[in-house]
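Hi everyone, and thanks for making the time. Could we have the sequence and the structure up on the screen, please?

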Amino acid sequence: MLAPGDVAPPFELLDQDGTTVSLTDFAGRKLLVYFYPKADTPGCTTQSCAVRDAREDLSSLGMDVVGISPDKPDAQAKFDQKFGLGFPLLADTDHAVAEAYGVWGEKMNYGKKYFGIIRSSFLIDENGRVERAWYKISPKDTVPKARKALAG
């Protein structure tokens with residue numbers, strides 16, 4: 001698990017438009033990175049739409065945002081188009097980035113065990129270090145926790 005002060009694991013992933021996005025693209029700005037299990041599912045939609053609705057406010061506070069899931073870029077594109085999200089949704093299809101951030105793990109649904117994304121978010125500072133890490137975050141808490149962290 002990552003902790004405040006840790007160097008954020010680098011990433012270089014395709015977004016919903018097929019553009020390569022990397023952590024270094026955000027040098028000099030704060031970045032909210034949130035991991036979600038699957039595009040266009042109820043919790044992920046709640047979380048992503050909350051980020052969408054707060055994006056302008058977060059941007060004015062010097063924070064950019066990216067969402068990351070194991071979905072392929074075309075699924076990310078459909079999710080973006082359906083809900084007008086308007087920020088990078090990154091395709092971590094081999095879950096290597098999720099593993100580096102400590103958010104790929106065993107889950108249980110209806111008594112069945114499987115591996116997948118453990119919904120989490122991270123505030124990365126201007127120098128690429130973890131400022132805050134929220135593991136097992138609720139979809140509705142992603143934005144409030146980021147705002148609170150920015151306020152000090």
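A word on the ground rules before we start. This is a predicted model, so keep in mind that local features need pLDDT of at least 70 and side-chain atom pairs count only at pLDDT 80 or more, while totals for chains, interfaces and linings use all residues. Residues are numbered from 1 along each chain as its sequence is written, and side-chain values use heavy atoms, with hydrogens and water left out.

Let's begin inside. When I say buried, I mean under 20% relative accessible area; exposed is over 50%, and partly exposed is in between, with a 1.4 Å probe and protein chains only. A nonpolar core is then a set of buried Ala, Val, Leu, Ile, Met, Phe, Trp, Tyr and Cys residues joined through side-chain atoms within 4.5 Å. The largest one here has 22 residues, and Phe11, Phe35, Tyr101 and Ile124 have the most contacts inside it. Which elements give two or more residues to this core? They are strand 3 (30-35), strand 4 (63-69), helix 3 (96-100) and strand 8 (120-124). Strand 3 provides the largest share, three residues. Helices here are DSSP runs of H or I with at least four residues, strands are runs of E with at least two, and both are numbered from the N terminus.

Have a look at Tyr101. Leaving out residues up to four places away in sequence, Tyr101 touches Leu2, Ala8, Pro9, Phe11, Leu23, Phe35, Phe122, Ile124 and Tyr135, where contact means heavy atoms within 4.5 Å. Apart from that core lies another, of 21 residues, including Met63, Phe79, Leu123 and Val143.

Phe79 takes us to helix 2. Its buried residues are Gln76, Ala77, Phe79 and Asp80. They cover an arc of only 165° around the axis, so they sit on the same side of helix 2; the arc is that of the directions from the helix axis to the C-beta atoms. An α-helix has 3.6 residues a turn, so residues three or four places apart point the same way. Among the parts that cover the buried residues of helix 2 are helix 1, strand 4 and strand 5 (89-91). On the face turned away from the buried side we find the exposed residues Lys78, Gln81 and Lys82. After helix 2 comes Gly84, with a positive phi near 55°.

Now the rings. Rings of Phe, Tyr and Trp (its six-membered ring) pair if their centres lie within 6.5 Å; planes under 30 degrees apart count as stacked, over 60 as edge-to-face and the rest as tilted. By that rule there are eight aromatic pairs. Phe35 is in strand 3 and Phe122 in strand 8, 87 residues apart. Phe35 is buried at 0% relative accessible area, and Phe122 is buried at 0% too. Elsewhere, ring pairs link Tyr34, Tyr36, Phe79, Phe83 and Phe87 into a cluster.

On to charges. Side chains of opposite charge can pair when their charged atoms come close. We call it a salt bridge when a side-chain nitrogen of Lys or Arg is within 4 Å of a carboxyl oxygen of Asp or Glu, and the count comes to eight. Lys82 bridges to Asp40, with the closest N and O atoms 3.1 Å apart. Lys82 lies in helix 2 and Asp40 in the loop between strand 3 and helix 1 (42-60), so this pair ties together parts that are 42 residues apart in sequence. Is Lys82 buried or exposed? Lys82 is exposed, at 55%, whereas Asp40 is partly exposed, at 36%.

Another bridge joins Asp57 and Arg147 at 2.9 Å, linking helix 1 with helix 4 (residues 142-151) across 90 residues. Lys30, Glu126 and Glu131 are linked in a network of salt bridges.

Last stop: Asp71, in the loop between strand 4 and helix 2 (73-83). Asp71 is buried, at 9%. Its side chain reaches the backbone nitrogen of Ala39 at 2.7 Å and makes a polar contact with the side chain of Ser69 at 2.6 Å. A polar contact is a pair of N or O atoms within 3.5 Å; within protein, one must be able to donate a hydrogen and the other to accept it, and residues adjacent in sequence count only if both atoms are side-chain atoms.
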